[in-house]
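Here is a short report on a single protein chain. It starts with charge pairs, then turns to rings, surface, pocket and backbone.

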Amino acid sequence: MNQILVTEKIYVTPELKRKKKIYKILFILSVFMIISLCSVYIYAEYDRSKQEGISDDILSFLTDEDKTTISSYENALVVKLTQEVADEMNETDNESGFENQSTQLQTATSTYTAANGKKYEAIGIVRIPKINVNYPILAQTTNVDVMKVAPYKFWGASPNEVGNLCIIGHNYRRKGVFFSDVPSLTVGDIVEVQDLSQRTIQYEVYDLHTVDPTDRSDTTQYTNGKKEVTLITCTNDATQRVIVKCTEKK
């Protein structure tokens, strides 16, 4: 006996057409958003890798004694920080709130010119063996692109001079990148700073804490004649600042 297959005809109503059209638009938008987010992520990674490549080039430049000679920074004013000068700096800190950058002590810099023609002013190198940090220290800057290249001097003394050298580095919340691992340091860990004369001094961590973004008390230059380094980065949620205080290891 033959079986007759009857297919029920589905009537496409205007409402069904409208819903199908909406679903199609939402699907296309979702795909577009996913592609856009992936593109942004890929570009960010590419840009970070490129900037880190510039950082490596600056490191090589700074460790080449034939290049980093006095002629590299002959026009810079080198000032040794005494406790008396530190007192004057703190008076300026209180009055200006760090807004007037020209009141800072001048730090000798070495200029590196990248392949793209951009110039980067470096004042030394910071190394933290425990977390594999090895970056040039750039001179104080407000240029966002330059901040992506390496940690930079925020305030204070020249590298390895009496006073408090304050260094800021981004926390990208990714292990091994910039100062992302700085919050994991503990008392007794070692931070090394190399200046432009190729001299390296070890500093020992003696205090770690967090502060509000507006709290700059840890940048004080009252060090009782000691050489200190203060590392500054953000907490993972970027609501506070992680402060790591270090003093010259004896």
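A salt bridge is a side-chain nitrogen of Lys or Arg within 4 Å of a carboxyl oxygen of Asp or Glu. Lys250 and Glu248 meet that cut-off, because their side chains come to 3.4 Å, N to O. Note that this is a predicted model.

## Fold

The protein chain has three helices and nine strands. From the N terminus on, the order is α-α-β-β-β-α-β-β-β-β-β-β. The chain counts 250 residues, and 41% of them are buried.

## Salt bridges

Side chains of opposite charge can pair when their charged atoms come close. The structure holds four salt bridges.

| Arg199 | Asp195 | 2.8 Å |

Lys250 is exposed, with a relative accessible area of 85%.

Arg199 is partly exposed at 34%.

## Aromatic pairs

Three aromatic pairs occur in the structure. Phe61 and Tyr112 make one of them, and this pair is tilted. Their ring centres lie 5.6 Å apart, with 55° between the planes. The pair links distant parts of the chain. Phe61 belongs to helix H1 (residues 14-62) and Tyr112 to strand E1 (residues 110-113), 51 residues apart. Both Phe61 and Tyr112 are buried.

Which geometry do the rings of Tyr172 and Phe178 adopt? Their planes stand at 90° and their centres are 5.5 Å apart, so the pair is edge-to-face. Tyr172 is partly exposed, with a relative accessible area of 29%. Phe178 is buried at 4% relative accessibility. Ring pairs also bring in Tyr135, so that Tyr135, Tyr172 and Phe178 form a cluster.

## Nonpolar surface

Ile22, Tyr23, Ile25, Leu26 and Leu29 make a nonpolar surface patch. Its area is about 490 Å². Tyr23 lies in helix H1. Is Tyr23 buried or exposed? Tyr23 counts as exposed, because its relative accessibility is 57%.

## Largest pocket

Rolling a probe the size of a water molecule over the atoms shows where empty space is left. The largest pocket holds about 290 Å³ of space. Its lining comprises 18 residues. Closest to the pocket centre are Phe154, Ile168, Pro213, Ile232 and Arg241.

Which elements give two or more residues to this lining? They are strand E4 (152-155), strand E8 (227-234) and strand E9 (241-248). E8 supplies the largest share, three residues.

## Backbone with positive phi

Two residues deserve a look here. Arg173 has phi near 55°, a positive value in a residue other than glycine. Arg173 is placed in the loop between strand E5 (163-168) and strand E6 (190-194). At 53% relative accessibility, Arg173 counts as exposed.

Ala238 also has a positive phi, about 65°, although it is not a glycine. Ala238 lies in the loop between E8 and E9. Why does Ala238 count as partly exposed? Its relative accessibility is 42%, and partly exposed covers the range between the buried limit of under 20% and the exposed limit of over 50%.

Methods. Residues are numbered from 1 along each chain as its sequence is written. This is a predicted model: local features need pLDDT of at least 70, side-chain atom pairs count only at pLDDT 80 or more; totals for chains, interfaces and linings use all residues. Side-chain values use heavy atoms; hydrogens and water are left out. Rings of Phe, Tyr and Trp (its six-membered ring) pair if their centres lie within 6.5 Å; planes under 30 degrees apart count as stacked, over 60 as edge-to-face and the rest as tilted. Helices (H or I, at least four residues) and strands (E, at least two) are DSSP runs, numbered from the N terminus. Buried means under 20% relative accessible area, exposed over 50%, partly exposed in between (1.4 Å probe, protein chains only). Patches are made of residues with over 30% relative accessible area and no salt bridge: like charges are joined within 9 Å, nonpolar side chains (Val, Leu, Ile, Met, Phe, Trp, Tyr) within 5 Å. Accessible areas come from the Shrake-Rupley method with a 1.4 Å probe; for residues, only the protein chains shown count as cover. On a 1 Å grid over the protein atoms alone, a cavity is a set of points where a 1.4 Å probe fits but cannot get out, and a pocket is an open set with protein on both sides within 12 Å along at least five of seven lines; lining residues have an atom within 4 Å of a point. Grid points are joined across faces, edges and corners, and a volume is the space filled by probe spheres set on the points.
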